[in-house]
Every structure is written in C-alpha cells, then in structure tokens.
Amino acid sequence: MPTTSRNRNRTAVVAIAVAVLASSCSLLPGHGDDAAGPNDDVTVAAVESGLDTAGKPERGGQLVYGLEAEVGTTGYCLPEAELAISGMQVARALYDTLTVPDEDGDYVPYLAKAIDHDDSYKEWTISLRPGITFHDGSSLDAKVVKNNLDAYRGAYDNRSPLLFSFVLANIDDVEVLNELTVRVTTKKPWVAFPAVLYASGRLGIMAQKQLDMSKEDCATRPIGTGPFSFVSWKRDQALKVRRYPKYWQEAPDGKSYPYLNAIEFRPVQNSDSRIAQLQQGELNMMHTSTSSDMADTLPSMRDAGAINLLVSSEKTEVAYVMMNSSVAPLNDRDTRLAIAHAIDREGLNEKSNKGFPQVANGPFAPTVLGHLDDPGFPAYDLEAAKAQVAKMKKAGKDTSLSLLTSAGPVAVRQAQLEKQMLEAAGFTVALEIETEADLIKRVIGGDYELAAFRNQPGEDPDMDYIWWYGEDNPVNFGRFNDPVINKNLDIGRTNPDRDTRREAYEAINRQFAKQAWNVWLWHSPWAVAEASNVHGILGPDLPGDQGPPSARLVTGHSLLGVWIDQN
C-alpha cells in the first residue's frame, strides 16, 4: 500500500470524525420533557409487533421510509463516503457486504460463500457465491472484489479512501487466486477480519463501473448487488430505489427477494415530524433513536393498532461524556474521577430519556465481548466529588471546565443538566454550543475539554482498535495513551482463543473504569416503526443454514423481507 503522507492523514482524520460524529456520535439521545417512567409494556427485546397475525408476505407496493437525516452528505462512493445511520440504511438497499452479523453476533459469509484462514490468521481466503450480478448486469467476481478492497485501503488508482485507510491499515496484500477466490494477507494476525468485511454495513461491494467513475459520478450513481437499484436522488428531499429483479436470494414463494417494488427514502430530521407523518400516512416506515418516544408515544400508537413497532438495544452504541485527557485538569485521574462521581447517571437518564435506556458502566453493550455488568466504574458520589474539587482548589489548581455540545435543543438541555451536576460538586462549567460541523472540527483538533459523544455500536471490539490505541494515533479523540488498553487491544486482535480475547476486552473495560477516561451514560436503543399493514423489519433468515439475522438496529436493518399488506 502506498505510503500515506501527513496531509493525507489529516484529511483522513477529518473524514473519520465526520463519519463517526454524524452517525454513532449524533450527540445524545432523549427527546421530550420530564415524565413518568417508561411504559411497562415496552422492552428493548427485538420483537416486531403485528407479525403473529400478518399472514403470508405479499409482493408489490412502494414504501416511503422516514430517515433522521440526509441519506449521505458525501454520496455513495463507499470508500470515500461519510455515511451516518441514514446513509447506512440506504446502503443496505443498494449494496451487499461480504459478511453480515448473525443473531449470535458472529460474522458469517454473505456475498462470500466461505471465508477461511490459515493457522497464523494472517492469510484469509474469500470464496464468492457464483451467479451474482450487479445492477448494471456485470458479474461479481474475484477481480472486482480485489479492486473494491484495494479501493477501501487506498491501493486502487482512482479512489482516495478516508475512513478505511485507517481501518484496513493491517492489510498487506490482496490477490486474485481464480475467478471466484480472493486471498488477503495481513501484516499481523487479525482474528476478527470477518467483522472488518462488514464494518457496520459500510463495506459494500461496488460494481467495477462505479469504481472507475469520476469522484462526482461515483458518489451519485451507485451500482451494487443489493435488492434495490438506484433511480434518483434529490438531496434533502428524497432518494428513490426500485426492486432489482435479478437479486441473488430466493424468497419462499420461489421468486427472488425483495417483496417491495420500490422505496423512497426521505430525510425528516425532527422526530416529532417523523411520527406525525407516519400517523398521517405520508410515511410508511421510520427509524428513531429518541428514547422518550420509545417509552411513551410509539407504544401508545402500537397499542392503538396504528403502527407496528420494533425496539432494540441489541449490541447497540453507548452514549458518554468524552474527556480530553491531554489538557489540564483532565490529565489528572483524580479530576476525572471527581467528574464521574459528580454525574448522577440514573437521574440524568430519567430526566433526559424517561429512564428508558439501560445505564452503562462501560463501552460494550450486553452480549458484546468484553461487557461486564460491574467493571468498577465510579458510582455517583457527590460528597466524594466535592471533596476532590475542594482539594484541587486548596492546592491552587484550576477547577473550571468547558462542556461542548451541539446546538440542538435536546443536546443543549442534556448538557445543561450535566453542567448543574458538575457545578453542584464545585466545578465551574462553561457550556459551549456549536453547530455540528464546528463541534466536529474542534474535537478533531483537540480543542475541547468535555464533549457529548456516542460510539462503539456493538461490533466485534477489535473495531475499536482505531479509536483507542494510544500510540501516535490521531483518531484517539480522548488523547489517552494507556499501556493496559494498548496491550489488550493487541491481544484481542491477534489471539484466536475466544476466552483470551474476552479477558483482554474485559481488562480494557476495567481499565476504562479505573482511569475514568470517559463517563459512560447509557446504551442507546433504536426503534423502527411502520404502518400497521407493513411487516418484516428484520428480514428473512440468512442464506443457507446460517439462521436468523442480527436484531441490531443501530447500523440499519435489512430491507429484503419488508412487505405491505395491500388488502
């Protein structure tokens, strides 16, 4: 792979931050005013209402899907794209990945028929399914897969990767063995390589024609192998797709998926507006991360028979207050511990989210490798926080902090609550409100002290390597260089024993708690709501005997099995 220059590294850092902050770090969830506790009938178990009486799937019809934001500000040239959750959902319609997560959280072949490795875990062989075609009629073969992987890692002539030049830096070489077989050689053992081939759904395989387009055309003329092909895109209005009749997966009725004829994706940023449009029939389907709506509004609509609903915190992301440990006073562990003790996370969750999400004690959601119910994260202890702040003041140390948040009313209200809690402990807190673009620039440059953040969306924890490895790492936004975390990230990446990997990530979890590098808040659930005659959010079982798909919603969901009862 070509040597990466310092300037190119900067560009990549900016793009990664934009992609992550725009999707996983969409500031903080929780909309609406204070209210009673969550609806007792709503859980985060991923069970779609209405399926028991839905009958057999029907074909036809157009779906209008309400998304929380513009579907892709930089377009769909995937190696260079900065896809937020809305863009990732659209990508699920247009593209397929080589692997997908199953219901157990493992990564199984998808476009690939099989993925094998040698004993060293440094040589990976990807065998492709035969007979798959792109929307332009060209065939999926080893050459186009190699060219895609090279484009993602920065070794293909016509593409300039941003996010993936870091993610795939461990790849040494990609070669074609025969028409349907690719071999990938890595620099170090990479036991979680199948997870990388999914990469939260971002590593879709593009047709050769799209790969070779100009930068502008590549971004606006997507060609994949997905169940729907591209029709048109008017930014900030709608992106339209139609059923691809030669899709490679067969439905139970003997015809190919998908069931729908077409989908129109519409960005509707305001959650209340999305719900209103769903009620009025302007939308047939929508997604949301607004916890208070999951606690009250959406289940009430479900119980009234107006919608079908699926709520899931399966392997979801975590919301937290991120600390810039490179600046005083946050470079002092006792100060960070005082901040952690000062924030009443249970109370904050009640006021911000109506208590709906599960309060987090670490970065990993339940069932993610490395999760611990109690890794030792500091509990709310206002007296301990006050004592530490008083000690700092007596020693003449600075106890003023700045808290950075976006200009959205929900995020501002959240930050105001945190400011009150920190000031109750004796800190002086300046609330800094920026547009999302300016907030991103400041986090990239390290020009912040505390910042609202959301990340770690339930992938294999090896995917956090780029965010946490502290040695000369420009995308470790917390600026910590923790030898315990570094050591265990390397163990988790290179050791194939699952118990050893679990122990490594549990050690990372405990070290985060010990050092209080971040203040973990809660595991953020997601929901998809649909009109009462729409069904099939999670889609069918995976190809072959690989069982049900993952019930995660945090990175989007399949559109294969969605259907409309038109009777």
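Predicted model: local features only at pLDDT ≥ 70, side-chain atom pairs only at ≥ 80, totals over all residues.
Asp236 lies in the loop between strand S8 (228-234) and strand S9. Is Asp236 buried or exposed? Its relative accessibility is 57%, so Asp236 counts as exposed, the cut-off being over 50%.

Tyr121 is not a glycine either, yet its phi is positive, at about 60°. This residue sits in the loop between strand S4 (112-117) and strand S5 (123-128).

**Cis peptide bonds**

Next come two cis peptide bonds. Tyr257 and Pro258 are joined by one, with omega at about 0°. Pro258 belongs to the loop between strand S9 (238-243) and strand S10 (262-267). Ala328 and Pro329 are also joined by a cis peptide bond, and omega is again about 0°. Here the loop runs between S13 and helix H10 (333-342), and Pro329 lies in it.

**The six-stranded sheet**

In which order do the strands of the open sheet lie? The order is S14-S18-S13-S17-S15-S16. There are six strands, and their pairing is mixed. The edge strands are S14 (358-359) and S16 (428-434), each pairing on one side only. Helix H11 (residues 345-353) packs on this sheet. H11 touches S14 and strand S18 (518-523), and its direction makes about 50° with that of S18.

Now look inside the sheet. Strand S13 (residues 318-323) and strand S17 (residues 450-455) run antiparallel, joined by six bridges. Take Met322: its bridge partner in S17 is Ala451.

Another helix, H13 (residues 409-424), lies across S13, strand S15 (400-406), S16, S17 and S18. H13 runs at about 165° to S15.

**Aromatic rings**

How many aromatic pairs does the structure hold? There are 21. A pair of aromatic rings is described by the distance of the centres and the angle of the planes. The table gives two of the pairs.

| Ring pair | Distance of centres | Angle of planes | Type |
|---|---|---|---|
| Tyr121 and Trp124 | 6.1 Å | 65° | edge-to-face |
| Phe480 and Trp517 | 5.1 Å | 25° | stacked |

For Phe480 and Trp517, the planes are at 25°. Planes under 30 degrees apart count as stacked, so this pair is stacked. The pair links distant parts of the chain, 37 residues apart. Phe480 is in the loop between helix H15 (465-468) and helix H16 (483-494). Trp517 is in the loop between helix H17 (498-515) and S18. Phe480 counts as buried, at 4% relative accessibility. Trp517 counts as buried too, at 10%.

Ring pairs also build a cluster, with Phe480 and Trp517 among its members. Others in the cluster include Tyr320, Phe364, Phe453, Trp467, Trp468 and Trp520.

**Charges over rings**

Which ring does the charged end of Arg235 sit over? The ring is that of Trp233, and the charged end is 4.2 Å from its centre. Arg493 lies over the face of Tyr465, at 4.0 Å from the ring centre.

Note on methods:
Residues numbered from 1 in each chain as written. Heavy atoms only, no water. Pairing = 2+ DSSP bridges. Helix = DSSP H or I, 4+ residues; strand = E, 2+ residues; numbered from the N terminus. Contact = heavy atoms within 4.5 Å. Axes fitted to C-alpha atoms, helices over the stretch in contact; angles between N-to-C directions. Buried < 20%, exposed > 50% of the residue type's maximum accessible area, 1.4 Å probe, protein only. Phe/Tyr/Trp six-rings, centres within 6.5 Å; stacked < 30°, edge-to-face > 60°. Lys NZ or Arg CZ within 6 Å of the ring centre and 35° of its normal.
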